[in-house]
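Hi everyone, thanks for coming. Let me put the model up on the screen, and then I'll walk you through a sheet and an interface.

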Amino acid sequence: MARSYCSGFAVRCGHHACVPYARREDLLALFGVHLTAALECGEKILFVGEDAGSMLEQLPLATSATESLVARGQLATRPVLDGFGPAADPDRVVAVLRAEAEAATFAGYLGLRVCVDVPWIESDLAKLLACEQRITALLADELTEVALICHYDSGLLEESIELAVRAAHPITLDAVRAQRREPLLHLVPLRERIGLHVRGEIDRTNVEEFAAVLRSVHRAGENLHLELEELRYADVAAVRLLAQTANLFPNGHRLVLHSPAPIVLTTLKIYGWDRLPTLVIEGGDI
Amino acid sequence: MSGFVHQACVYGSDEEFLSMAVPFVTAGTSAGEPVVVVATPHNIDLLRRAQPDDRVEYIDCFSWYTAPGRTTLNYFDRVRSHTGPGRMRVIGEVVWEGRTPAQTAAWKRYESTLNVTFADTASWIVCPYDTRTLPADVIADARRTHPAHLGGSEITSCAEYVDPGTFVGEAVTMSQPPADAAVLPYALDLHSVRRFVTIWSTVHGLHGERGDSLAAAATEVAAYLSEMGDGRLSVRLWSQSRTVTCDVHAPSVDIADPFVGYRPPALDPHPGDGLWLARYLCDHLDIRCDSSGSTIRLEMMEDL
């Protein structure tokens, strides 16, 4: 089933995605996203494109950072991926990807992220699509340590061709939205009592968003319930917000935390906030 | 009586240990003060025989002194829970055997740091040092890290005592990360740091909660260094000798406070109080500042 949108950060090994882009600056920003995602995941990254080398220089990174990544072999550029593009040769592409993946694994990386700015000529469309389909099967079944992200300049594609290109990939990313992380935090008001179901992660970068929603659901004179079993992570700032919220409750009213994760319980305990009389923990094992 | 008292008891025989411990414990229980004895099984056995008393809590020091930060915060958690009159009394016999030189240095800093962390608590901690088993430098430094000495029931001040800021502020030596360490050369946000540390921790054998703990500690360290500087930071992670090490480096930061993360946090935020959690979660935390900036090093023993 093709997915219409996900973040570039959500692309994982085994994925084969396409990104039709309209603006050169989006391609550049996407290369930055792919580089960050690869570094976060401990992967080697290979940028393929006629001007991949110069694009790398335009990324808003310290030159020393990119130079040291290139020197240690975690970052590489190629003008073309042999067999991919004009006069596409699926067997050749598969052999090249295998060799690159093997080298990345041998060097100790946890995967290989290949980002291609696909050069193409209309007459080669059928071959190119056959190549893409072959790669989809390969990544899903065999080369599961490789992610391939194919960037197509949509200005060069007719609508019908762009549809065919999208159809040849299991994942299509929107060139603009893919530049953002998928939201870390999902908050849903509870139906049967006053409170929130909290899913994801909270740290200093999104704690204000959490604080605002918390304020909006709180009703004076009522207990406030937070269902936390799907909150994977909360940093000290987030747990402090819970404690400060509880501390403002008048006696007799409670902030009730349901099934908090071990890290939340540990933080409450070692900061002494589990002793607040207005904060109640139900469920969750330390 | 309130306030913090921290004394060393340098002893060389079972009798000498008991001459301090028995009156210390007895005075505490008679006054209704909580008494905790964290000592070697041998000393616990001695004291139990000499002064049987169900009101005294005994803890084997080998299970208590696991990591300086964690031990400090576990003590603090107990002391904080004491709200009654008088002081909470603790006999705390640090484990020095089997420590590497770096660990020994860290436990010496731990002794000195207690003077800062517990300054505002109602507690009386006596740390026994056995001259029969401990190296001379450990005994000598006991007099540099404790303001006073308790021998029998006699209190004498330690002339060698060094201000904790001076003792702990002495530069920490830190080895260079190996060339093949995993590198996150820049962090887009805190999630970047967490993702990187979680993935590489798992690769190096820290699974589940241990890996999560290192990632949480690294997040707090990264948040602190970002707050203190211009946001630029890099992270390195590697494994050597069954220890997973994570360095967070900020080129633009100079950490002036050697006790960051060792001052008891409050409900209102204070820069660096996230390190209180990092110190608790990790087996070891070191801070080094030099001309290249500041590095905070976190260590976790690999799972067995």
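**Strands first, then the interface**

Let's start with chain B, where β8-β9-β10-β12-β11 is the order of an open sheet of five strands, paired antiparallel. When I say strand or helix, I mean a DSSP run, numbered from the N terminus: E of at least two residues for strands, H or I of at least four for helices. Two strands pair if DSSP finds at least two bridges between them. The edges of this sheet are β8 and β11 (284-290) of chain B, each with a single partner strand, so one side of each has no neighbour in the sheet. From one strand to the next, the twist averages 15°, taking angles from 0 to 180 degrees between the N-to-C directions of axes, which are lines fitted to C-alpha atoms.

Now some housekeeping: this is a predicted model, where local features need pLDDT of at least 70 and side-chain atom pairs count only at pLDDT 80 or more, while totals for chains, interfaces and linings use all residues. Residues are numbered from 1 along each chain as its sequence is written, chains are lettered from A and ligands numbered from 1 in the order in which they are written, and side-chain values use heavy atoms, leaving out hydrogens and water.

Look for B:I287, whose bridge partner in β12(B) is B:I296.

Elsewhere in chain B, β1 (residues 4-11) runs parallel to β6 (residues 148-151), joined by two bridges. There, B:A8 stands opposite B:H149 of β6(B). β6(B) is also joined to β7 (residues 154-157) of chain B, antiparallel, by four bridges. In that hairpin, two residues lie between the strands, and B:G152 takes a positive phi near 60°.

So, what does the contact between the chains take from each? It takes 38 residues from chain B and 40 from chain A, contact meaning heavy atoms within 4.5 Å. About 3300 Å² is buried between them, with carbon and sulfur atoms giving 57%; that is accessible area (1.4 Å probe) lost on putting the two parts together, summed over both. In chain B, B:Y186, B:R195 and B:L267 lose the most area to chain A, together 23% of what that side buries.

Eight salt bridges are counted between the two chains, each a side-chain nitrogen of Lys or Arg within 4 Å of a carboxyl oxygen of Asp or Glu. One of them joins A:E40 and B:R195, with the closest N and O atoms 2.8 Å apart. α8(B) gives the most to the side of chain B that touches chain A: nine residues.
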